[in-house]
Amino acid sequence: MSNDKKVETMVENGLSQLVILEGKAPEQHNAQPVIIRGNIDAPSRFLEGKITEFEDSKSHCMVSKTDGIIMLVLNEQSVVDKYTVIGEISVSKKFNSLGINNDKVRYEPEELANKLKLLRSMFVSKMEHASICNILRNLKAKINAQIESLDDRKGNVTENFKQTVSSNMPDSIKLKLPLLEGEEPIEIEVNVILEANGGSGIICSLESVDAAELIEFQFEQRVNQEVDKIKDKVTIIEF
């Protein structure tokens, strides 16, 4: 008889039946620990839905306010029944897409103008949106012309560049966008930083002191809010 066949005898209503099963039997799998990743509220939501199931389990919760991470571990001494629920805060995709406060993201003026053109909804003022896009598009030609007229042939082109730039660009622009993924948009000030890139080249970058401070504050605030929800149910350990 083939190894893929199994013969069983079944009795139903006093009648015997011979049942031949063919094919490969289902593979047996050992139970595995469960790991869940989600938004920062994942641990509190998981506990809320399964509080009676893990009420007496040995557990702990690791918390990092700086990194915006909460890691809940239930049935901590078990190999197969251990649950690890990780909640994380992340900077919003919209914020990251602009490269604000990212020294690796640089734009040419025309390139930045084209990018901002499609992001009018982020601007607090539509007039400011139109103005900044127009300034960026005309910046290179205007600065080149003014530097040429100011060049004293004594190597002071860089200083002239700084003077010309400061007279053309606004001190800052106001954008409204979420700083953290899943959070509501807020208003921030963003500076367009212009630098000479050798010769007559110009490189732009985006910088926001407001955003840097608020992101750090919101990381800590959101972690504290979630810790308050679970601190009476599990041991909290900061790392």
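1. Two strands are taken to pair if DSSP finds at least two bridges between them. Helices (H or I, at least four residues) and strands (E, at least two) are DSSP runs, numbered from the N terminus. The model is predicted: local features need pLDDT of at least 70, side-chain atom pairs count only at pLDDT 80 or more, and totals for chains, interfaces and linings use all residues. Residues are numbered from 1 along each chain as its sequence is written, and side-chain values use heavy atoms, with hydrogens and water left out.

2. Overall content. The protein has six helices and 10 strands. Of its 239 residues, 32% are buried, where buried means under 20% relative accessible area, exposed over 50%, and partly exposed in between (1.4 Å probe, protein chains only). A contact means heavy atoms within 4.5 Å. Among contacts between residues at least 6 apart in sequence, 54% join residues at least 24 apart.

3. Five-stranded sheet. Five strands make an open sheet of mixed pairing, in the order β3-β6-β5-β4-β10. The edges are held by β3 and β10 (236-238); each has a single partner strand, so one side of each is left without a neighbour in the sheet. From one strand to the next the twist averages 15 degrees. Axes are lines fitted to C-alpha atoms, for helices over the stretch in contact, and angles run from 0 to 180 degrees between N-to-C directions.

4. Pairings of β4. Strand β4 (residues 59-64) runs antiparallel to β5, with six bridges between them. Two of the bridge pairs can be checked by residue: cysteine 61 has leucine 72 in β5 as its partner, and serine 59 has leucine 74. The two strands form a hairpin with four residues between them, and glycine 68 in the turn has a positive phi of about 70 degrees. With β10, β4 runs parallel over three bridges. Methionine 62 stands opposite isoleucine 237 of β10.

5. Three-stranded sheet. A further open sheet has three strands in the order β7-β8-β9, with antiparallel pairing. Its edge strands, β7 (173-177) and β9 (202-207), each pair on one side only. The twist here averages 35 degrees from one strand to the next.

6. Helix α6. This helix (residues 209-230) lies across β8 and β9, at about 135 degrees to β8. Helix α6 also lies across β4, β5 and β10, at about 20 degrees to β5.

7. Helix α1. The helix spans residues 42-49, and its buried residues are Ala42, Pro43, Ser44, Phe46 and Leu47. These buried residues pack against β3 (34-39), β5 (69-74), β6 (83-88) and α6. Helix α1 lies across β3, β5 and β6, running at about 140 degrees to β6.

8. Arginine 222. This residue belongs to helix α6. Arginine 222 counts as buried because its relative accessible area is 15%. Its side chain makes a polar contact of 3.1 Å with the side chain of glutamate 183 and another, of 2.8 Å, with that of glutamine 225. A polar contact is a pair of N or O atoms within 3.5 Å; within protein, one must be able to donate a hydrogen and the other to accept it, and residues adjacent in sequence count only if both atoms are side-chain atoms. Leaving aside neighbours within four places in sequence, arginine 222 is in contact with Ile40, Ile89, Leu180 and Glu183.

9. Serine 92. The residue lies in the loop between β6 and α2 (93-98). Serine 92 has 2% relative accessibility and so counts as buried. Its side chain reaches the backbone oxygen of proline 178 at 2.5 Å. With neighbours within four places in sequence left aside, serine 92 is in contact with Pro178, Leu179, Leu180 and Glu181.
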